[in-house]
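Q: Could you walk me through a few local features of this one? I'd like the cut-offs as we go.

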Amino acid sequence: MGRVGCVQDAASTIDADGSCTSGTHPYLQYLYDSDKIGGTSYPIGRLTRTIATTYYPDSGTPSASANEKYAYDTRGRLTTEQLLFNLPSAWNVTSTLPTYQMSYAYNDADQLYSSVSSTGVNGSFTTQYSTTQV
């Protein structure tokens, strides 16, 4: 289908499920067609998850990564996106980092009319900002 599955530092295998070749450093991973947020999502034909990872240049060990997940409605409109940062244990960050979430609502003309920004830990989200078009 011509979709990128993995960007890494070595020759890759042909796949589109976001997996990378063993023994390489995956910088970007893309996953399609899979419901990663849960609930009612229509992921077929859509990007549903990205993982971006950075590496220490001296050792090649991962330093940090950003994990994004996307959910869509029946019309293919983005309804929810989540962002989570992961840090290596060597950084000694003991508290769980929050997950950031944006939720979107559309009218019948496919126009965005509401968005809600939330943060949460362990799946429990608290609304931070809410906007509505008038």
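A: Strands here are DSSP runs (E, at least two residues) and helices are DSSP runs (H or I, at least four residues), both numbered from the N terminus. This is a predicted model, in which local features need pLDDT of at least 70 and side-chain atom pairs count only at pLDDT 80 or more, while totals for chains, interfaces and linings use all residues. Residues are numbered from 1 along each chain as its sequence is written, and side-chain values use heavy atoms, with hydrogens and water left out.

Q: OK, where is Asn 92 found?
A: Asn 92 sits in the loop between β5 (78-86) and β6 (99-106), and its phi is positive, about 55°, although Asn 92 is not a glycine.

Q: Buried or exposed, that Asn 92?
A: Asn 92 is exposed, at a relative accessible area of 63%, where exposed means over 50%, buried under 20% and partly exposed in between, using a 1.4 Å probe and protein chains only.

Q: And what is the phi of Asp 110?
A: Asp 110, which is in the loop between β6 and β7 (112-121), has a positive phi near 65°, and Asp 110 is partly exposed at 43%.

Q: Switching topic, which residues does Arg 77 touch?
A: Leaving out residues up to four places away in sequence, Arg 77 touches Ala 71, Tyr 72, Tyr 106, Asn 107 and Asp 110, contact meaning heavy atoms within 4.5 Å.

Q: Where does Arg 77 have its place, and is it buried or exposed?
A: Arg 77 lies in the loop between β4 (62-72) and β5, and it counts as buried because its relative accessibility is 17%.
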